Amino acid sequence: MQANNAVPTVKRRLIAMVYEILLALAALFLPFLVFEIATKASHTPLVEHMRQFLAFLILGAYFIHQWTRKGQTLAMQTWRIKLVQPGQVHLPIRTAALRYLLCWLWILPGIVVAYLGDLSNKHKLYALLASVFLWSLTAFLDKDRQFLHDRIAGTRLVQLPKPEKKAAKAA
């Protein structure tokens with residue numbers, strides 16, 4: 001399937017992102033199970049930071065692998081969205097790693113506000129949701145409707161066409 005120049009709608013990308021979160025939780029399940037057993041489910045500050053770093057590494061490995069392999073995660077395949085870099089057949093690993101790091105800007109402002117503001121759990125969630133909402137608006141500031149992290153990384157999300165319907169076999 002070839003990518004065309006159509007840009008998926010912001011709504012479509014955000015819906016795909018919700019699906020992506022569910023898949024990410026599944027990818028984290030087994031490594032976290034092993035980690036929790038190994039640390040006896042401790043909640044010391046060191047173990048909490050190790051848990052966060054483990055999530056960062058596992059998610060990075062997943063996304064970078066999928067983006068460099070065929071430009072799509074499972075959620076992106078479902079929603080027919082592909083990550084491309086103009087002039088490249090496959091996304092280079094450095095570009096995928098840069099994009100992964102930049103994607104954390106979706107929630108980093110919310111995390112900083114939650115940490116510095118010493119917010120309640122409910123208000124931390126609001127801070128994260130506000131951060132995601134505000135970052136999604138960056139697509140409307142771009143003439144090609146790309147998010148800011150894609151613009152910085154030199155990547156683009158494109159909408160793939162619907163697959164051709166297979167002709168019914170004649171009996």
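A crossing of two helices is left-handed if the near helix is turned anticlockwise from the far one by less than a right angle, and right-handed if clockwise. Keep that handy for the first exercise, and remember that this is a predicted model.

**Exercise 1. Work out how H2 and H4 are arranged: how do their axes cross, and with which hand?**

Solution. Start with what you need: two packed helices are described by the angle between their axes and the distance between the axes. Here the axes of H2 and helix H4 (residues 93–103) come within 9 Å, and they cross at roughly 135°. Next, sort that angle: over 145 degrees would be roughly antiparallel, and 65 to 115 would be roughly perpendicular. H2 and H4 are therefore oblique to each other. Last, the hand: H2 and H4 make a right-handed crossing.

**Exercise 2. Find the salt-bridge partners of arginine 51 and say where each pair sits.**

Solution. Side chains of opposite charge can pair when their charged atoms come close. Take glutamate 36 to begin with: its salt bridge with arginine 51 has the closest N and O atoms 2.6 Å apart. Arginine 51 belongs to helix H2 and glutamate 36 to helix H1, so this pair ties together parts that are 15 residues apart in sequence. Then there's glutamate 48, which also forms a salt bridge with arginine 51, with the closest N and O atoms 2.9 Å apart. Arginine 51 and glutamate 48 are 3 residues apart in helix H2, so about one helical turn separates them.

Now check the cover, using under 20% relative accessible area as the cut-off for buried. Arginine 51, at 10% relative accessibility, counts as buried. Glutamate 36 is partly exposed at 23%, and glutamate 48 is partly exposed at 25%.

**Exercise 3. Aspartate 150 and arginine 99 form a salt bridge. Decide whether each one is buried or exposed.**

Solution. The two side chains meet at 2.5 Å, N to O. This pair links distant parts of the chain, with aspartate 150 in helix H7 (residues 148–153) and arginine 99 in helix H4, 51 residues apart. Aspartate 150 has 0% relative accessibility, so it counts as buried. Arginine 99 has 5%, so it counts as buried too.

While you're on charges, look at Asp142, Lys143, Asp144, Arg151 and Arg156: salt bridges that share partners join them into one network. The count of salt bridges comes to 7.

Definitions and conventions: Residues are numbered from 1 along each chain as its sequence is written. This is a predicted model: local features need pLDDT of at least 70, side-chain atom pairs count only at pLDDT 80 or more; totals for chains, interfaces and linings use all residues. Side-chain values use heavy atoms; hydrogens and water are left out. Axes are lines fitted to C-alpha atoms, for helices over the stretch in contact, and angles run from 0 to 180 degrees between N-to-C directions. Helices (H or I, at least four residues) and strands (E, at least two) are DSSP runs, numbered from the N terminus. Angles under 35 degrees count as roughly parallel, over 145 as roughly antiparallel, 65 to 115 as roughly perpendicular and the rest as oblique. A salt bridge is a side-chain nitrogen of Lys or Arg within 4 Å of a carboxyl oxygen of Asp or Glu. Buried means under 20% relative accessible area, exposed over 50%, partly exposed in between (1.4 Å probe, protein chains only).
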